[in-house]
Amino acid sequence: MAKTTRRYYFAARNERTTHGYRINFVNIPQAEASGTTYEETVYYSYRVLAEFLAHLPKDEAALTAYTLNQMPDTEDNNVFYSLVSVTPDFDPHKMVTHFTLPQAPPAEIRRKASKLAQLVAHQSKVASL
């Protein structure tokens, strides 16, 4: 039997900007992080989310009020959504980002995955120049 760990899922809006990236959480408007590279911004977003969750009342209802309940649609080419999974101890070092791709024919999935990879890699390439 596979090992399982309880996780909570939070929808994150990821945006590539002219100066880097911005990540905010769909159901937590005041939780936002920005950075120059995508990796840096993800790290900051985990810290912001952990800090927010640590201050919630210690009951399940308070926590689940902020978990995933919808995934917005976007037409913006610089915006994509992901899910951030969080363990019950809210440790930012255990948080994981899951990229979302809707069910589609394989060619469409490859196209969307390629677009997502370009959005994430773009700033890293620029930063290394």
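Which residues does Leu 49 touch, not counting residues up to four places away in sequence? Leu 49 touches Phe 10, Phe 25, Ile 28, Val 84, Val 86 and Met 95, where contact means heavy atoms within 4.5 Å. This is a predicted model, in which local features need pLDDT of at least 70 and side-chain atom pairs count only at pLDDT 80 or more, while totals for chains, interfaces and linings use all residues. Residues are numbered from 1 along each chain as its sequence is written, and side-chain values use heavy atoms, with hydrogens and water left out.

## Leu 49 in helix 1

Leu 49 belongs to helix 1, which spans residues 38-54. Helices (H or I, at least four residues) and strands (E, at least two) are DSSP runs numbered from the N terminus. With a relative accessible area of 0%, Leu 49 is buried. The accessibility classes are buried (under 20% relative accessible area), exposed (over 50%) and partly exposed (in between), computed with a 1.4 Å probe on protein chains only.

## Aromatic pairs

A pair of aromatic rings is described by the distance of the centres and the angle of the planes. Rings of Phe, Tyr and Trp (its six-membered ring) pair if their centres lie within 6.5 Å; planes under 30 degrees apart count as stacked, over 60 as edge-to-face and the rest as tilted. The count by this rule is six aromatic pairs. One of them joins Tyr 21 and Tyr 38: the ring centres are 5.3 Å apart and the planes stand at 70°, so the pair is edge-to-face. This pair links distant parts of the chain, with Tyr 21 in strand 2 (residues 20-25) and Tyr 38 in helix 1, 17 residues apart. Tyr 21 is buried at 2% relative accessibility, and Tyr 38 is buried at 5%.

Phe 80 and Phe 99 form a tilted aromatic pair, with 6.1 Å from centre to centre and 45° between the planes. Here too distant parts of the chain are linked, since Phe 80 lies in strand 4 and Phe 99 in strand 5, 19 residues apart. Phe 80 counts as buried at 7% relative accessibility, whereas Phe 99 is partly exposed, with a relative accessible area of 40%. Ring pairs join Tyr 21, Tyr 38, Phe 80 and Phe 99 into a cluster.

What is the phi of Phe 90? The value is near 60°, which is positive in a residue other than glycine. Most residues other than glycine have a negative phi. Phe 90 is buried, with a relative accessible area of 15%.

Thr 87 is buried at 6% relative accessibility. Its side chain makes a polar contact of 2.5 Å with the side chain of Asp 89. A polar contact is a pair of N or O atoms within 3.5 Å; within protein, one must be able to donate a hydrogen and the other to accept it, and residues adjacent in sequence count only if both atoms are side-chain atoms. Leaving aside residues up to four places away in sequence, Thr 87 touches Thr 5, Arg 6, Arg 7 and Lys 94.

## Salt bridges

A salt bridge is a side-chain nitrogen of Lys or Arg within 4 Å of a carboxyl oxygen of Asp or Glu. The count by this rule is seven salt bridges, including those in the table.

| Salt bridge | N to O distance |
|---|---|
| Lys 94 and Asp 89 | 2.7 Å |
| Glu 108 and Arg 111 | 2.7 Å |
| Glu 108 and Lys 112 | 3.6 Å |

Asp 89, the polar partner of Thr 87, is partly exposed at 44% relative accessible area. Lys 94 is partly exposed at 38%.

Glu 108 and Arg 111 are three residues apart in helix 3 (residues 106-128), and so are separated by about one helical turn. Glu 108 and Lys 112, four residues apart in helix 3, are also separated by about one helical turn. Glu 108 is partly exposed, with a relative accessible area of 25%. Arg 111 is partly exposed at 47%, and Lys 112 is partly exposed at 26%.

Elsewhere, a network of salt bridges links Arg 13, Glu 15, Arg 22 and Glu 32.
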